[in-house]
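Please look over the following model before reading the briefing. The notes are grouped by topic, with conventions stated where they are first needed.

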Amino acid sequence: MTHALITGGAGFIGSHLSEYLLKQGQTVTIIDNLSTGSFENIAHLQSNPNFHYVIEDIRNAQVVDRLMSTCDIVYHMAAMVGVHKIISEPINTIEVNIGGTEVILQTARRYRRKVMLASTSEVYGKGIKVPFEEDDDRVVGATTRNRWAYATSKAVDEFLALAYYTEAELPVVIFRLFNTVGPRQSGQYGMVVPRFVKWALNDDPVNVYGTGNQTRCFGNVFDVIQAIVKLSDTPEAVGQVFNIGSNEEVSIHQLAQRIIQRANSDSEINFIPYDEAYEAGFEDFQRRVPGIAKIKDVIGWSPSTGLDET
């Protein structure tokens, strides 16, 4: 029986991963400081004798050491999330993302544990080549824009993980998550779909930032979890980077319209300039579309759930 350690296991994606692995008969231990995760996401798992949790920061090296010594694999999901939180807490963003990952990798090296490292489509920055492929060049904004601290810190995480793979032969797999949506996702930190759904259900105005012409691809969390777990079981994936996401592209304006329609809502759409929504000079992706040929080739995965169903 595999014993998995999941950092950020009380978060939206981490809690679904915990649930999935438990259903496979694995033992699961999570560590989460509940800064963006919620105990409600994992409360229903407490009765499972194979589920254990620790409420602690991943930068606590002693606690991480104790947990890592008894596990077989670590899914490193913990990170700062949400544009609003990244802009308002740039110190925490950098220190949690880089410092936390450093603790995980150092400890994994000590016990020779496989590390599944969650990264993000943000690392592609302002790249204009679409779809984004794993080896594409990165184009990020100036250091004077807090918005790019997250993208840069996660890129450093990737560099560090690959360095451990190359120099220390630590088994590492990196997966870049594109927009992921589904049950338990909160709009509290700026996630667009749950915010739009809540407004539409209440017949409140749906606030679209910018022109609404910017496009995204929203992957279903259950599809995404299957990809992550299959990568963890595939030896050929070690030392590589993979995009995980849907390739069904939709503009944010169209997203608002579709949600309003499906909610049978009387909501109207308001357009709010980025400077008012975030900060002066805020920069955003215009298109964010994953290239998924590589992951399909290695593990045979492709998304199976459409946006309307999600």
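Predicted model: local features only at pLDDT ≥ 70, side-chain atom pairs only at ≥ 80, totals over all residues.

Residues are numbered from 1 along each chain as its sequence is written, and side-chain values use heavy atoms, with hydrogens and water left out.

**Overall fold**

- The protein has 10 helices and 13 strands, where helices (H or I, at least four residues) and strands (E, at least two) are DSSP runs numbered from the N terminus.
- Its radius of gyration is 19 Å, close to the 19 Å that the globule rule gives for 310 residues, so the protein is as compact as a globular protein of that length; the radius is taken over C-alpha atoms, and the rule is 2.2 Å times the number of residues to the power 0.38.
- The C-alpha trace spans about 55 × 45 × 40 Å along the principal axes of the protein.
- Among contacts with a separation of 6 or more, 79% are between residues 24 or more positions apart, a contact meaning heavy atoms within 4.5 Å.

**Surface and charge**

- Of the 310 residues, 55% count as buried, with buried meaning under 20% relative accessible area, exposed over 50% and partly exposed in between (1.4 Å probe, protein chains only).
- The protein exposes about 13600 Å², of which carbon and sulfur atoms supply 48%; these areas come from the Shrake-Rupley method with a 1.4 Å probe, and for residues only the protein chains shown count as cover.
- There are 27 positive and 37 negative side chains, and the centres of the two sets lie 3 Å apart; Lys and Arg count as positive and Asp and Glu as negative, without His and the chain ends, and each charge is placed at NZ of Lys, CZ of Arg, CG of Asp or CD of Glu.

**Helix 6**

- Seven of the 10 residues of helix 6 (residues 192-201) are buried, so this helix is largely enclosed by the rest of the structure.
- Those buried residues are Val192, Val193, Pro194, Arg195, Phe196, Trp199 and Ala200, and they pack against strand 7 (180-181), strand 8 (206-209) and helix 8 (252-262).
- Just after helix 6, Asp203 takes a positive phi of about 60 degrees.

**Helix 8**

- The buried residues of helix 8 are Ile252, Leu255, Ala256, Ile259 and Ile260.
- Seen down the helix axis, these residues fall within an arc of 130 degrees, so they line one face of helix 8; the arc is that of the directions from the axis to the C-beta atoms.
- The face turned away from the buried side of helix 8 carries the exposed residues Gln261 and Arg262.
- The packing partners of the buried residues of helix 8 are helix 6, strand 8, strand 9 (215-217), strand 12 (249-251) and strand 13 (269-272).

**A buried histidine**

- His16, found in helix 1 (residues 12-23), counts as buried at 4% relative accessibility.
- Not counting residues up to four places away in sequence, His16 touches Pro183, Arg184, Val221, Phe222 and Ile225.

**Backbone details in loops**

- The peptide bond from Val130 to Pro131 is cis, with omega near 0 degrees, and Pro131 lies in the loop between strand 5 (114-120) and helix 5 (147-168).
- Leu34, which is not a glycine, has a positive phi of about 65 degrees; Leu34 sits in the loop between strand 2 (27-32) and strand 3 (51-55) and is partly exposed, with a relative accessible area of 30%.
- Asn264, also not a glycine, has a positive phi of about 50 degrees; Asn264 is placed in the loop between helix 8 and strand 13 and counts as exposed at 69% relative accessibility.
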